[in-house]
Amino acid sequence: MRDPASEGIGRFVRALAFAADKHRQQRRKDVAASPYINHPIALADVLVNEGDIRDPVVLCAAVLHDTIEDTETTSAELVGHFGERIAAIVLEVTDDKALPKAERKARQVAHAADLSTPAKLVKLADKICNLRDLLAAPPAGWSAVRKRDYFAWAAQVAAGLRGTHPGLEAILDGLLARAGELD
Ligand code: NDP
Ligand code: ZN
């Protein structure tokens with residue numbers, strides 16, 4: 001019989017393969033149009049290697065976090081492949097695309113504190129990765145003002161995520177403090 005650690009690795013690699021397939025046609029918004037899957041992988045890297053998180057439920061949710069929001073993936077599909085818990089976390093971090101963008105951003109701020117702990121960990125990693133991208137490989141055509149607006153919004157979301165993981169929160173705070181470098 002397989003031990004729990006190898007079960008976890010098996011499920012994590014299945015989630016990676018699933019996300020890679022779902023995002024296969026997509027690119028990030030940076031000038032080089034990086035493959036989209038680099039971003040979910042970056043979240044897992046942050047959680048494992050900077051946050052020391054080993055819970056396969058959190059790591060699977062991290063690599064799957066944009067599948068419902070940005071691809072045709074349904075929650076039923078995630079339940080079928082990865083179970084109720086992982087699907088529920090992905091749903092928690094999925095914006096309602098029927099709402100206008102400004103409303104979606106306001107809701108992320110309003111609801112951050114109400115998320116489950118696994119969903120907060122995924123959110124922390126997502127914000128860390130997006131702020132790093134804005135500093136190192138920002139979306140093509142974004143002005144300094146737009147990037148700073150994004151940092152200001154991310155700081156509001158981060159406020160609702162406090163008390164979840166001091167190490168990841170310190171990394172996020174360190175990035176938020178670099179808004180002045182944006183040009
Ligand atoms: P978007 O939500 O359109 O883009 C940011 C998102 O893109 C990130 O959260 C990330 O989401 C994803 N992303 C993909 N590639 C990158 C990358 N290289 N670096 C960082 N993020 C990346 O933009 P905004 O957050 O600015 O929201 C749009 C709102 O801003 C609208 O309401 C619009 O009207 C307004 N707007 C504001 C302007 C301004 O100057 N402030 C100008 C024009 C519009 P994920 O992790 O989910 O992939
Ligand atoms: Zn994301």
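Reply: Donors here are N, O and S atoms within 2.8 Å of the metal (3.2 Å for Na, K and Ca); water is not among the atoms, so sites may look incomplete. Along the chain, the donors of the zinc ion (ligand 2) are spaced as H-x25-H-D-x59-D. They are H39 (NE2), H65 (NE2), D66 (OD) and D126 (OD), at 2.1 to 2.6 Å from the ion.

The model is predicted: local features need pLDDT of at least 70, side-chain atom pairs count only at pLDDT 80 or more, and totals for chains, interfaces and linings use all residues. Residues are numbered from 1 along each chain as its sequence is written, chains are lettered from A and ligands numbered from 1 in the order in which they are written, and side-chain values use heavy atoms, with hydrogens and water left out.

Next, burial. A residue is buried under 20% relative accessible area, exposed over 50% and partly exposed in between (1.4 Å probe, protein chains only). H39 is buried because its relative accessible area is 3%. H65, at 2%, is buried too, and D66 counts as buried at 7%.

H39 belongs to helix α2, residues 38-50. Helices (H or I, at least four residues) and strands (E, at least two) are DSSP runs, numbered from the N terminus. Besides H39, the buried residues of α2 include P40, L43 and V46. Among the elements that cover the buried residues of α2 are α1 (4-22), α3 (56-63), α8 and α10 (166-176). After α2 comes D52, with a positive phi near 55 degrees.

Contact means heavy atoms within 4.5 Å. Neighbours within four places in sequence aside, H39 is in contact with R28, H65, D66, D126, C129 and N130. R28 is also touched by D133, as is P138, not counting residues up to four places away in sequence. D133 is in helix α8, residues 117-136, and is partly exposed because its relative accessible area is 30%.

A polar contact is a pair of N or O atoms within 3.5 Å. A side-chain N or O atom of D66 is 3.4 Å from an oxygen atom of ligand 1, and a polar side-chain atom of D126 is 3.3 Å from an oxygen atom of ligand 1.

Terms used: Polar contact = N/O pair within 3.5 Å; in protein donor to acceptor, adjacent residues only side chain to side chain.
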